[in-house]
Amino acid sequence: RGSSYGPQVAQKTNAAMKFAPLILSLVSATTLAADTTSRRLESCLGEFSTQYQGDCNRESAQAAIQGLIDLGVGTNCLDAATELDILLGDLTIETVCATVYAEQAGNFTKFEDVSRLGDAHDREFFNGGTFWNEEIQVGTERNLAIDAFGVVLAYDSSYSTGISWPASPAISSVHECTAGAAMCCYVADRFKGTCGGGKCVFGEPEDNSDVCYVDMANAPYSARVASGIAVYDKVDSSEGSDSEGNVYCHGFAWDAADDTAASSRYKGNLLLKVGMKDHLYDKGYVQNVPGAPMCGCIEQMPVVSKAACTDLVAEETWQIEKDANGVFLVSSFGVDIAYGDCTDLATKAKELNPDIAYENYLIGDGQCHSAVDSFLAGEGIVRSHLEIVLVEGHPTKEQITVTFNHEVEDGAVGAFTIEGLTINSAALHPDNKAVLILQTSLQTYGTEYTLVTKNAISKRSANMVVLPVGTTAPFYAIEYGLSNAKGAENYNLALELDIPTSPTWGNTGVPAYTYGTEPISYFSRVAYFLELESEQYGWQWVWVSMDAFTQNVMNLGFPTRGAGSVVYDQYVDNVNILSNQPQITPCDDSELSGQKARLEFWPYSYGTSNGESVPFASNSLYDWGDDMHTGTYGSMQIHVPSYGEVLFGVNRWARNDPKIDIGIGNQPTGHPDWTFAENSDIYTLKKLSVLVSKEDNIDPAVFAPNNKAVGTADTEGYKLVYDLPVATRAAYGTSLVPYHVDYHKSVGTFERIAYYIELDDNWLWVSMNAFTDDASKIGVPTFASGAIFQQAVEDVNVFSSLAGMEASGITGNIEFWPNDYSTQNVKGIPNASETAYDFGDIMRTTGDHGSMQIHNTAKRMTIFAYNNWNSNRVGAIGIGPNVDGEPDWTFADNAGQYTTKRIQVFVK
């Protein structure tokens with residue numbers, strides 16, 4: 001070979017003979033020659049010939065010209081760039097080199113000459129077939145060294161000549177590769193195979209990759225189907241290893257954007273080396289991953305984790321010359337090829353083609369499962385998988401419940417270990433094989449333990465779907481009660497009830513609550529915690545907190561008739577949900593989540609008609625869109641309509657039936673809200689806790705008067721105790737007063753009491769010295785409160801929107817009792833009537849009419865009165881004296897005349 005950049009002027013003819021077998025005289029006199037005699041300026045070099053090593057490009061050719069000039073060839077030479085332009089004439093070096101490359105490729109060894117068995121053989125060989133792939137040598141028969149000897153001959157010459165890429169479209173797996181890489185994946189080893197008894201068994205190749213999946217639409221001729229999917233990333237249940245067995249993948253890459261790059265021009269050499277010589281001939285690796293070619297363009301191959309890599313370096317020598325006729329010629333003078341190990345195909349391919357997404361073909365170790373899931377999702381397929389969805393300790397601290405997403409085989413009972421605990425027994429739930437119950441040694445409350453699979457667990461209906469060895473799932477040792485609900489420490493207990501199997505609350509009863517010990521005033525949030533346990537459903541709990549919808553603690557409990565028959569058929573805001581039941585969607589990122597829930601609290605009966613068009617509610621099933629009507633069934637339910645979920649339902653408690661309806665989550669069968677379940681007897685534990693938020697820094701404005709009396713001289717410094725929206729008909733004789741606000745347990749001591757009454761546009765404020773130190777007796781004087789007052793009150797101040805009502809520092813009198821009364825003035829109140837109901841009546845010891853009256857004794861008139869509120873009759877209420885009937889509004893029965901009617905009670 002000529003030396004790099006060395007002049008060969010005196011030996012031009014001999015040099016040409018030396019490389020004649022490979023030389024490509026690509027610039028002919030008729031097409032690409034530049035006749036420098038016709039140009040205004042001729043090259044200084046005259047007739048010359050020289051060789052250089054490198055690429056056929058302007059930079060290398062110009063360096064060779066510079067070498068001649070530096071050696072003194074030619075006289076009066078210009079710079080090398082100008083001399084090269086003169087030699088090229090109207091041509092460019094790129095045009096010249098492209099023609100050189102084309103003629104060079106025409107002299108490569110044709111790929112079809114390797115096997116000399118035709119395109120059909122080569123196609124089927126690359127697809128994993130033919131006798132090369134399907135036979136095992138026995139004795140001297142089926143000897144690959146003989147059958148594939150052409151591979152050795154071609155390979156030996158490949159160090160000094162190119163091997164063309166298969167040209168025939170029939171060899172489909174390697175036709176028109178677009179991603180700049182090719183790969184072979186082998187699943188068998190014929191050299192390790194054995195034959196006997198008329199049967200041959202192949203060995204396995206080295207395992208260097210994991211097969212994820214095959215999309216047969218990418219190589220339909222190889223797969224023999226237009227489309228199809230094969231998934232290979234399942235883990236074997238018995239061995240805990242990849243179930244596809246050993247697979248060996250090896251590939252190579254080239255510059256997909258530049259056909260003139262050496263990696264592209266000599267890629268046929270790499271196909272010969274990787275696809276035939278190294279792995280078939282030398283190692284005996286054969287056969288394809290089913291559904292895919294054995295060797296092919298990477299975009300037709302299986303998606304795998306990784307592949308080994310081979311590359312090459314082609315050291316090419318080029319000759320440039322100008323002959324005696326002034327024709328400039330460029331020709332190939334030979335090539336030396338060296339093969340190398342580039343280790344990782346993905347890295348090499350990305351280096352050559354950074355814009356091609358090789359991560360779609362070579363996805364990396366441990367990524368098969370997610371890659372398969374992503375691919376299947378794109379095809380609209382969700383494959384079956386097995387996972388642990390919940391591990392939960394039991395409050396006894398000696399049991400663990402493991403819930404899977406599918407029923408599992410019986411082998412799951414012995415599949416787990418727990419560090420720090422002994423598993424004493426294990427059993428699948430008799431009615432639900434997706435639930436495994438473990439009995440353990442005593443757990444330590446609050447300790448985190450880890451469940452680990454020591455054996456793989458199989459899905460019961462498809463045992464190829466497994467949970468592999470080494471799967472872990474943490475759990476905490478727990479106990480009964482509120483400690484399970486994150487955030488419960490920010491709440492105070494208000495009411496707690498062990499729900500009876502057969503409540504007897506009926507029309508007048510009130511549940512026998514246990515009350516919290518902390519004083520409760522204003523609260524911004526309310527929470528419910530229901531805890532159940534039964535053999536059928538196991539241990540269950542749900543926590544739901546929300547923005548407060550009332551300030552009356554008693555109205556947060558069961559809405560019995562005895563508790564005032566309150567009705568909350570409404571949405572509540574900013575709901576926070578926690579549960580140990582997987583069917584309940586948690587919402588625990590923030591107490592200001594924005595999520596809404598719906599309350600259905602009432603003591604009445606109800607139907608299925610979704611009259612309010614609650615989302616996702618049924619018109620035929622009892623759920624979260626029912627309509628309340630008359631009757632005595634009772635409902636205490638909380639739902640999340642946007643999820644289509646019942647959080648809990650407790651029903652049928654208003655009619656003294658033997659069993660009531662109770663459940664957490666949607667009832668599995670029947671009505672979602674547990675209506676008609678009659679199942680209270682199945683539970684050994686059924687406890688309801690009602691809590692209110694702890695408030696560290698309550699704004700004093702919460703308790704200050706906020707009504708039409710504000711701005712008068714008397715409201716400053718008072719704190720709200722009760723706020724009552726007055727009902728047209730009330731039945732406080734057999735129930736609690738349904739105050740909207742009830743702070744009487746937290747007001748402390750006080751010296752004055754004030755009442756605010758608002759009836760549509762009219763209002764009144766009246767304050768006085770305290771007539772009792774018991775805040776529970778200053779509201780409506782019900783039988784339950786024990787409030788009976790018929791006495792004078794001092795230092796009375798009155799402000800009102802009605803003229804003539806104002807007073808300051810006067811003596812008045814009050815008539816507060818729950819009983820009937822008569823007109824006799826037994827107290828001798830000055831100027832009181834013996835025949836009219838006014839400010840001097842007498843309370844009877846019987847009856848339930850009820851009186852809540854304050855009077856201006858000196859002016860002989862009523863300041864305000866609220867009567868007849870005990871037995872569901874139309875109430876009587878008024879500001880000032882009644883001029884059209886009894887002066888103190890007795891028998892007025894006028895409560896229905898007002899749209900707004902409110903009584904507020906304050907202390908100071």
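Arg902, at 26%, is partly exposed. These two residues form a salt bridge in which the closest N and O atoms are 2.4 Å apart, a salt bridge being a side-chain nitrogen of Lys or Arg within 4 Å of a carboxyl oxygen of Asp or Glu. The pair links distant parts of the chain, with Asp723 in strand E35 (residues 719–725) and Arg902 in strand E48 (residues 901–907), 179 residues apart. Helices (H or I, at least four residues) and strands (E, at least two) are DSSP runs, numbered from the N terminus.

The model is predicted: local features need pLDDT of at least 70 and side-chain atom pairs count only at pLDDT 80 or more, while totals for chains, interfaces and linings use all residues. Residues are numbered from 1 along each chain as its sequence is written, and side-chain values use heavy atoms, with hydrogens and water left out.

The secondary structure of the chain comes to 14 helices and 48 strands. Along the principal axes, the C-alpha atoms fill a box of roughly 150 × 80 × 45 Å. The radius of gyration of the chain is 48 Å, whereas a compact globule of 908 residues would have one near 29 Å; the radius is taken over C-alpha atoms, and the globule rule is 2.2 Å times the number of residues to the power 0.38. Of the 908 residues, 54% are buried.

The structure holds 25 salt bridges. Side chains of opposite charge can pair when their charged atoms come close. In one of the bridges, the side chains of Lys277 and Asp282 meet at 2.8 Å, N to O. Lys277 counts as buried because its relative accessibility is 12%, and Asp282 counts as partly exposed at 39%. Another bridge joins Arg652 to Glu678, with the closest N and O atoms 3.7 Å apart. This pair also links distant parts of the chain: Arg652 lies in the loop between E32 and strand E33 (661–664), and Glu678 in the loop between E33 and strand E34 (683–693), 26 residues apart. Arg652 is buried, with a relative accessible area of 11%, whereas Glu678 is partly exposed at 35%. Salt bridges that share partners join Arg652, Arg655, Asp657 and Glu678 into one network.

Aromatic pairs number 49 in the structure; rings of Phe, Tyr and Trp (its six-membered ring) pair if their centres lie within 6.5 Å, and planes under 30 degrees apart count as stacked, over 60 as edge-to-face and the rest as tilted. The rings of Tyr213 and Phe375 are stacked, because their centres are 4.2 Å apart and their planes stand at 10°. Tyr213 belongs to strand E5 (residues 211–215) and Phe375 to helix H14 (residues 368–378), so that distant parts of the chain, 162 residues apart, are linked by the pair. Tyr213 and Phe375 are both buried. Tyr528 and Phe648 form a tilted pair, with ring centres 6.3 Å apart and planes at 55°. Tyr528 lies in strand E24 (residues 525–534) and Phe648 in strand E32 (residues 645–651), so this pair ties together parts that are 120 residues apart in sequence. Tyr528 is buried at 0% relative accessibility, and Phe648 is buried with a relative accessible area of 0%. One aromatic cluster is formed by Phe111, Phe125, Phe126, Phe131 and Trp132.

Charges also sit over rings, a contact that requires NZ of Lys or CZ of Arg within 6 Å of the ring centre and within 35 degrees of the ring normal. Lys267 lies over the face of Trp254, at 5.6 Å from the ring centre. The charged end of Arg598 is placed over the ring of Tyr571, 5.0 Å from its centre.

Gly411 is located in the loop between strand E14 (399–404) and strand E15 (416–418). With 53% relative accessibility, Gly411 counts as exposed. Gly411 and Asp344 are separated by 67 residues in sequence and by 41 Å in space, C-alpha to C-alpha.

Terms used
Buried < 20%, exposed > 50% of the residue type's maximum accessible area, 1.4 Å probe, protein only.
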